[in-house]
Amino acid sequence: MAMTEDEVAVAVASAKKRRSPLVIGLVVALLALSGVGAYALTAMRGHDKSAAAADKDGGDAKPAKPQPELFLPLDPAFVVNFRDDDAMRYLQVGVTLMAHDQAALDTVKSVDPVVRNALIMLFSRQDYTILSDPAGKQKLQADALAAVRKIVEARTGKPGIDALYFTSFVMQ
């Protein structure tokens, strides 16, 4: 039985339609496999580099375990007077230090009067209008951290204190 040209064209078109999802599926599968293969190669290269770094250090490469955060509240809270254009004001600030090195906190404990003096002098020099703004409080926090770090660094050779937090802040 011979087919006419029209019947052949219809048969070819229907065959193409049936193969089209199959071809698309194969292309998607190949792309997925190549993506997985590329990821595996990248991961192996990274592993080889970390293994080479471990061999260079003379041991197995273990991820560095983060040091725990250690806190030291400076009690009692700081209370200072400072002058405003209108009246005498006072500021009460609770301060807590954070470090990852216990030796730095031990240093602060051993020189507590020096640290408290530096912070009291800093707090008493402040201006009420500046401290009323959140940016002013953040600047004071940064200045207080720098003052404490300077004291610790003078004694240990490294700043040691990672953060200074205001745990209370009252102006009146």
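Me: How many aromatic pairs does a search of the whole structure find?
Reply: The search finds four aromatic pairs. Rings of Phe, Tyr and Trp (its six-membered ring) pair if their centres lie within 6.5 Å; planes under 30 degrees apart are stacked, over 60 edge-to-face, and the rest tilted. This is a predicted model, in which local features need pLDDT of at least 70 and side-chain atom pairs count only at pLDDT 80 or more, while totals for chains, interfaces and linings use all residues. Residues are numbered from 1 along each chain as its sequence is written, and side-chain values use heavy atoms, with hydrogens and water left out.

Me: What makes F71 and Y165 a tilted pair?
Reply: Their centres are 6.4 Å apart and their planes stand at 45 degrees, so the pair falls within 6.5 Å and between the 30 and 60 degree limits.

Me: Why is F71 called partly exposed?
Reply: Its relative accessibility is 47%. Buried means under 20% relative accessible area and exposed over 50%, with partly exposed in between (1.4 Å probe, protein chains only), so F71 is partly exposed. Y165, at 35%, is also partly exposed.

Me: Why is the pair of F166 and F169 called tilted?
Reply: The ring centres lie 5.4 Å apart and the planes meet at 40 degrees, so the pair is tilted. F166 has a relative accessible area of 21% and is therefore partly exposed. F166 and F169 belong to one aromatic cluster with F78 and F123.

Me: How do you know that the charged end of R116 sits over the ring of F78?
Reply: It is 4.3 Å from the ring centre. The rule asks for NZ of Lys or CZ of Arg within 6 Å of the ring centre and within 35 degrees of the ring normal. R89 likewise lies over the face of Y128, at 3.9 Å from the ring centre.
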